[in-house]
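Take a look at the model below. A short report follows.

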Amino acid sequence: MPSGTVHCCEVRNLEKAFDQTVVLSNVNLAMPSGSFTVLVGASGCGKSTLLRTVAGLESPTSGSIWMGDRDVTALPPKDRDIAMVFQSYALYPHLSVRENLAFGLKLRRTPETEIAGRVAEASAILGLDALLDRLPKQLSGGQRQRVAMGRAIVRRPRMFLFDEPLSNLDAALRAEVRVDIRKLHDRMGGTTLYVTHDQVEAMTLADTLCLLRAGQIEQMGPPLELFDRPVSRYVAEFLGSPKINCLDGQLVYTNAGPHITIGSSTLSVPERYRALSPQSVVVGLRPHHLTPASAEAPQFGTLLVTFYEALGFETYVHGTLQGAGDKALVIRVDSNHRVARGDAIAIGVRPEHTVLFDPKSGRALDT
Amino acid sequence: MANGGRLNARQNVKALVVHALLIGAVIYALYPVLWVLTVAFSRDGLGTDGFVLPWPRHWTFANFAIATGASTGKSALFFRQLVNSLTVSASTALLSIAIAAPAAYALARMQFVGKRTGLSGLMLTQMFPTVASAVPLYFILSQLHLLDRRAGLVVAYSATALPFAIFQLKAAFEAIPVELEEAAMVDGATRFEAFVRVVLPVARPALAVTALFAFMSAWNEFVLAATLMSREEAFTLPVVLQRFVGEHSAAWGPFAAGSIVVSIPVMAIFYIAQKQLLSGLTAGSVKG
């Protein structure tokens, strides 16, 4: 397999335009062998187009795609050694499950005995043994999804591409298959590129998370890095549910040192922002970082409860920040913490959990 | 369930009206056919004295013997003409599909210069009556030395059947999700292999309907066959039939009997292919 600098797949300076509309620009993405990369972003951000370009189903306007040390930009999909799982599964409706699995191997003139062996292996891994002689229309959604994955793994490709493979499943099944996909990846040892708009899938599956915004990579890195150290307000707001609270504030210096004011509330400034000059800022506070005030999380304001959602294992409390122009805020509390509409809760945050963004550009202020 | 009875009564009335209308439509469509049957099986031809419900008074099979040449010693000729009709119609169906399928695929899936013009051109050809092309076709086929030959008819029929076949198949191909082909291409197929191994099998009902339409239009066609074929051995059945109703005499009995004989193969094909046809005629209306 490729050595240190050679990646399983590499996208270089990719640009894609349909007529006058630029869908992808300046995309650079390196996927080491065995890595699990997730492309995430709002609909229309170009993530599917990027995946399809890697697959060879779309050709780039400029830039190149490399598989190992081979430039495959001009090669058709069949010569790229990839397998793909489609959102609609795209099972061949006229072929049985067995024939669906064997289709790619037959096209590649694999000997019959080897086809039988590989189909049996994939079928055992995915639990398809009882379904092999059925037609796709006789399968449930979850079963079709497994056949689609089976069709990918029998090929033993260099790279797996997934295009929102779970979006047609119900929530319970989605959580289950999500785990299966990651286990399968670890077992097969292939390189995976996975497209989703679901942030839970993105966070849980990825080694490397690549967040696309309007055709460009907004931030790329380990999921928790994107979550904890977003480069922009956009990234911070995209990841996390409920969404991060963003409040307009001022970074000011007084005799007591630097602090942030949000209306009449005051926050201390994390170490990494101490070098900033006084300015307007957007303060990002994750709901789960906002807690009833305590010694570690000193109070910075009071939340007037307007609404709450008790989920059983935790409760999201919606309210307004007193003295801050009635700014809406969401915090998370333990489910044993009783809340009622009209309550006033003293809330605090650990200073290091505060992130600051430039109000105009939306960029994080510590980068 | 409180007003279930009333609702049922209303549904019953609706069902009654629908059935009455459908039965009426079936009678309207079959009444002439009943006449043909009556004339074919009657010894005295049209001598039914104008009663409303036609039914043979004196049963006979003599008309069939005349129509098939059994009683005139021409059964070998009739057999040959039957084979002419079958081969010409089957070849027309095959040739039409062979040309229309790739053309329709290109029109359904690819963008190219002249696509819209080409489609309008195809549409335009549908607006001319067949008769208008009879004379030009005669000259063309004469130049190609294809007059009086089955191949000539096949060429002419395929040309007329193509536009409809292309439109039909284009719609069928457009109804197939493009991901199926993409999956095949990722799986290792070229575009052509994806077309042959995925698109064509999935479109089989539509191909069957289109082939049958081409077959039937060739099977029933009279004007071109009468114009382009002058030897008796080269006739197709519609031309043979027409000869029973000449300028000076009209042998309605054999004509009716011949019509029935001619209808049998088409009915047989419809019967055999009905499952394919029904799914083909409704293709795209329901998501698989």
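## An open sheet

In what order do the five strands of the open sheet in chain A come? The order is β13-β12-β11-β14-β20, and the pairing is antiparallel. Strands here are DSSP runs of E, at least two residues long, and helices are runs of H or I of at least four, both numbered from the N terminus. Two strands pair if DSSP finds at least two bridges between them. β13 (265-268) and β20 (355-357) of chain A are the edge strands, each pairing on one side only.

Strand β12 (residues 257-262) of chain A pairs with β13(A) over four bridges, in the antiparallel sense. A:Thr261 has A:Thr266 in β13(A) as its bridge partner.

## About the model

This is a predicted model, where local features need pLDDT of at least 70, side-chain atom pairs count only at pLDDT 80 or more, and totals for chains, interfaces and linings use all residues. Residues are numbered from 1 along each chain as its sequence is written, while chains are lettered from A and ligands numbered from 1 in the order in which they are written.

## A covered helix

Helix α4 (residues 141-153) of chain A is mostly covered. Eleven of its 13 residues are buried (20 or more other C-beta atoms within 10 Å of a residue's own, C-beta atoms being placed from the backbone). Among them are A:Val147, A:Met149 and A:Ile153. The buried residues of α4(A) pack against β6 (82-85), α2 (97-107), α3 (112-126), β7 (159-163) and α5 (171-188) of chain A.

## Contacts of one valine

A:Val38 is in contact (C-beta atoms, placed from the backbone, within 7 Å) with residues including A:Tyr194, A:Leu205 and A:Cys210, leaving aside neighbours within four places in sequence.

Technical notes:
Contact = placed C-beta atoms within 7 Å. Buried ≥ 20, exposed ≤ 12 C-beta atoms within 10 Å, placed from the backbone.
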